Amino acid sequence: MKKYLISLCVLLIATTAIAASPCIANPIPLKFGDPFLLHASDGKYYMYGTSLADGFEAFVSDDNLQTWKPVGQVYKGAQPGQWNESCFWAPEVYERGGKYYLFFSANSRNNPTAEEENFKLGVAVADSPAGPFVDLYNRPIFEIDYPVIDANVFFDDASGRAYIYFSRCCYKHPVESEIAQKLRKEGVYDNIEESWVYGVELKPDFSGILGEPVALLTPPAKLDDPQAEWESRSAARHEVNRRWTEGSYIFRHGDTYYIMYSANFYGGGNYAVGYATSKNPLGPFVKAANNPVLQENASKGGRVLGTGHNMVLKMADGNYYTVYHGRMTDNPGERVVFIDRLEISPEGILTVAGPTTALK
């Protein structure tokens, strides 16, 4: 392991100016889903993810992502009187005005029709990236008539506005498409449910939204759509009657907005990542011709399955990295965290140098 890590560092130094870029041996020793990495003002890196039944924990690195120490539970939910009760997923933490804000999804206690999926988005605040975080408002950020997960917040320096992006769940959302028609004709599924990514402007105090959410990314409707094959793998391979578009993350590079997203079943080996671009934070977005940019490599002799739910971090030297979870072929039931280089060409084409793994 040590010999390989040194080799990887030498390769990075030879190919890039890495003043602040790390040397990574994947998977890093953190085992959870939906990872989010914050470079805080104290100079340390904090990693959050989906792992606890009643909230979120964090890990900290003070040596440029080389080693990680547990911080402990930084947010505790599902307490008497709280708006949320279960399924604490996909935390993201942002530093604004000396405070730290934790955005997340969870099942709401307010469930008069007893829905199986009743996910809403919440926000909590703390004075430190290590918490403790407490609910900023003891309610969801906004109410909408379908379940939503995977909150991602973008602070647009160009306009001074904030935007929140999220995924409408597949739950009770059957959508007609040529893919659905084909699978119905084959006798595989009666219908195909879909999840879609939406975006909307966020109030400055995070108390609600401004305007109506706009659907930004949806699964392809036509069989001849260039994105149809990879975004429909879970359904086409009879894994489940759902097509996902979720785990979005948006950032700006130059004058272009890049939104990354995950497709296929998060619990399977087909989970993969694509991206789309726009000149505006609320689109319209155009999916990239080189999608997917991150996917399993087990079919090509590698050891990684189910890569998805990524975020992007720009280092001090200008290099980009993407953080995501995947599954190793020797233990596919467990999600582990990866960090790999992300590059954008002068022509605006985004690629990910991964998934990479260190030799064992």
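Two strands count as paired if DSSP finds at least two bridges between them. Helices (H or I, at least four residues) and strands (E, at least two) are DSSP runs, numbered from the N terminus. The model is predicted: local features need pLDDT of at least 70, side-chain atom pairs count only at pLDDT 80 or more, and totals for chains, interfaces and linings use all residues. Residues are numbered from 1 along each chain as its sequence is written, and side-chain values use heavy atoms, with hydrogens and water left out.

**Whole chain**

The C-alpha trace spans about 55 × 50 × 40 Å along its principal axes. Of the 360 residues, 57% count as buried. Buried means under 20% relative accessible area, exposed over 50%, and partly exposed in between, with a 1.4 Å probe and protein chains only. Among contacts (heavy atoms within 4.5 Å) between residues at least 6 apart in sequence, 53% join residues at least 24 apart.

**Sheet β1 to β4**

Select β1, β2, β3 and β4. These four strands form an open antiparallel sheet in the order β1-β2-β3-β4. The edges are β1 (33-39) and β4; each has a single partner strand, so one side of each is left without a neighbour in the sheet. Neighbouring strands are turned by 25° against each other on average, direction ignored. The angles are between lines fitted to C-alpha atoms.

Glu 57 stands opposite Gln 73 in β4.

**Tyr 75 and Gln 82**

Stay on β4 (residues 69-76) and pick Tyr 75, which lies in this strand. At 1% relative accessibility, Tyr 75 is buried. Leaving aside neighbours within four places in sequence, its contacts include Phe 56, Phe 88, Leu 102, Phe 104 and Phe 133. Asp 54, Asp 135 and Asn 84 are also among them. Its C-alpha atom is separated by 10.0 Å from that of Pro 91, 16 residues apart along the chain.

Gln 82 is another contact of Tyr 75; select it next. Gln 82 sits in the loop between β4 and β5 (84-96). With 12% relative accessibility, Gln 82 counts as buried. Its side chain makes a polar contact with the side chain of Tyr 75 at 3.2 Å. A polar contact is a pair of N or O atoms within 3.5 Å; within protein, one must be able to donate a hydrogen and the other to accept it, and residues adjacent in sequence count only if both atoms are side-chain atoms. Gln 82 also touches Arg 109, Asp 135 and Asn 138.

**Sheet β9 to β13**

Move to β9, β10, β12 and β13. They make an open sheet of four strands in the order β9-β10-β12-β13, with antiparallel pairing. β9 (148-156) and β13 (209-217) stand at the edges, each with a single partner strand, so one side of each has no neighbour in the sheet. The twist averages 25° from one strand to the next.

Within this sheet, select β10 (residues 161-168) and β12 (residues 196-202), which pair over seven bridges in the antiparallel sense. The bridge partner of Tyr 165 is Gly 199 in β12.

**Helix α2**

Select residues 178-185, helix α2, where Ile 179, Ala 180 and Leu 183 are buried. They are on the same side of α2 because they cover an arc of only 100° around the axis, counted from the directions from the helix axis to the C-beta atoms. Their cover includes α3 (228-231), α4 (233-236) and β14 (242-243). Gly 187, which follows α2, has a positive phi near 75°.

Continue to β15 (residues 245-253). Seven of its nine residues are buried, so the strand is largely enclosed by the rest of the structure. β15 pairs with β16 (residues 256-263) in the antiparallel sense over seven bridges, and Tyr 249 has Met 260 in β16 as its bridge partner. The two strands form a hairpin with two residues between them; Gly 254 in the turn has a positive phi of about 65°.

**Thr 322**

End at Thr 322, in strand β20 (residues 320-328). Thr 322 has 0% relative accessibility and counts as buried. Its side chain makes a polar contact with the side chain of Asn 310 (3.0 Å), and a polar atom of that Thr 322 side chain lies 2.9 Å from the backbone oxygen of Met 311. Residues that Thr 322 touches, beyond four places in sequence, include Val 312, Phe 338, Ile 339, Leu 342 and Val 352.

How values were computed. Axes are lines fitted to C-alpha atoms, for helices over the stretch in contact, and angles run from 0 to 180 degrees between N-to-C directions.
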